[in-house]
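Please look over the model below before reading on.

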Amino acid sequence: WFGRLALVASLLAPNLAMTMAPISFATEEALPLSAADALRLALNNSAKIKGAMALRQARNHEAQAQFSPFLPELGVTGAAGTRRGPLTEFEARDATLDEPGDIKDRNLYQAEAKLKFNLFRGFADRSAWRAATATAQVADAELDQARLEIGRELLITYFRILTRERELEAEKEIYALRKTQLDNVKNRRGQGQATDLEVLEAQFAYQQQGPNIRRTESDLRIDVQRLLRLVGKEISTAVRLTDSLKDAGSVLDNNPMALADLYELTLRQSPQLSHLAARQTVLEEKRSQITGQYYPTVDLEFIAASESQNRVDFGDEKHTTYTGQVVFNWTLFSGLSRAQQSQALFQEQLAVTSDLQQRREELLVELAQFGDRYRLAAEEISAQQSNLAVARERVKLAEQNFSLGRATNEDVLDAYSDRLEAQKALAQARLSRIEAYIELRYRSGVPWQQNLSATDAGGDSEKASPGSNQGEKP
């Protein structure tokens, strides 16, 4: 900003070298990273998301396992051994020298095949399957919520880094300005044109700027480390962010929905609400499963069995039986445990219903709050753009007056300082608008990938909204 101004170059050149070294991640050798690429890396590398995906797969397998009672069961059993005991009259007849009642050892061969159909289980099996399916839906909602949380943290961190970069750049130049002003005041005091109080004021302003720079550098370094952790890179990795605050519309959706439509979308799609609704279903089906246990069970069985003491006769018609039967089972009393379990689940279901209603109301309030922040930030951007335009005009006037002898060096430096402060305020306003929009997206449950592309032709996020920055120079 100062290189093209020959008027004040001689004043600032000695002090530019005193500014602090740039942050190491912004080097030419650094890895370029767009917001869309960073989001993709974060979603792919997050341990939290991987854990939620594994849990979802486990719940899906459990739901599939609960479908087994609806399928027929086929079982085969077999046995071969020796049995000692008295001979029956029929067995003695087959023997040559034995009499009935003689103690003898006999070989025994047995086999049985059973085909079983569960005709009626009192709806317990159906409720168990539905409860397992709803549990899988709970895991789906937890996975979606994990993705939204990681995306929100990643995007806010990304654009906060861009803002801190602008702030640090401006604060370093303000630091150089304060040093130049301090040197000028000291020179004027040596000439009897400035008082000790003016020197102390200039020195205070200069010394105050140093901690501001160090604080901003520390905050920036923390945000960069957080970003690297989210994208799965080493903390020592050098990165260069390729997007800008002004071009956030190419990363975020540049056509935000009306608040009324956002309400409807949130009630329909929010993972936080889906999670609680699925838990409601789980508890309801578990209660139905307990109720179903009071009903009788009816099974249809087909059995083919063969038993013989001689392997030659094993399996022939004389030693094989075929049975078809309907098995009826009804437990009339099993204590009070089922009733107590049902009551416990009912109370838990009431608690979840209350949580769902409360969370629904909280989400609507939060949407309204962040909607207001989004709108106010857009107005703030418009105001800060006007302030920046005034600050730029003041710099031009200060330069002209200085050339005509109507302004001092301090007047010119003050004008530059005000312009830098206006640029910092504009960056903060843009960040506030971006953060408000990210919070709206997070609460509405819209997946980050749905309208997020680094090559989107949407352009500047402020084109079709209050506080348009069309025509502003970078």
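Which exposed residues does the face of α7 turned away from its buried side carry? That face carries Ala260, Glu264 and Arg268, where exposed means over 50% relative accessible area, buried under 20% and partly exposed in between (1.4 Å probe, protein chains only). This is a predicted model, in which local features need pLDDT of at least 70 and side-chain atom pairs count only at pLDDT 80 or more, while totals for chains, interfaces and linings use all residues. Residues are numbered from 1 along each chain as its sequence is written, and side-chain values use heavy atoms, leaving out hydrogens and water.

Helix α7 spans residues 259–269, and Leu262, Leu265 and Thr266 in this helix are buried. Viewed down the axis of α7, the buried residues lie within an arc of 100 degrees, so they line one face of the helix; the arc is that of the directions from the helix axis to the C-beta atoms. An α-helix has 3.6 residues a turn, so residues three or four places apart point the same way. The buried residues of α7 pack against α8 (271–292), α9 (337–403) and α10 (409–444).

Asn409 is located in helix α10. Its relative accessibility is 22%, so Asn409 counts as partly exposed. Asn409 and Glu399 are ten residues apart in sequence, and their C-alpha atoms are 9.2 Å apart in space.

Ser127 sits in helix α5 (residues 124–190). With a relative accessible area of 2%, Ser127 is buried. Leaving aside residues up to four places away in sequence, Ser127 touches Glu285, Ser288 and Gln289, contact meaning heavy atoms within 4.5 Å.

Another pairing involves helix α2 (residues 35–45) and helix α3 (residues 47–65), which pack at an angle of about 50 degrees with axes 5 Å apart. That makes α2 oblique to α3, since angles under 35 degrees count as roughly parallel, over 145 as roughly antiparallel, 65 to 115 as roughly perpendicular and the rest as oblique. Axes are lines fitted to C-alpha atoms, for helices over the stretch in contact, and angles run from 0 to 180 degrees between N-to-C directions. Ala42, Leu43, Asn44 and Asn45 of α2 meet Ala47, Ile49 and Lys50 of α3.

On the scale of the whole protein, there are ten helices and six strands; helices (H or I, at least four residues) and strands (E, at least two) are DSSP runs, numbered from the N terminus. Of the 474 residues, 40% are buried. Among contacts between residues at least 6 apart in sequence, 84% join residues at least 24 apart.
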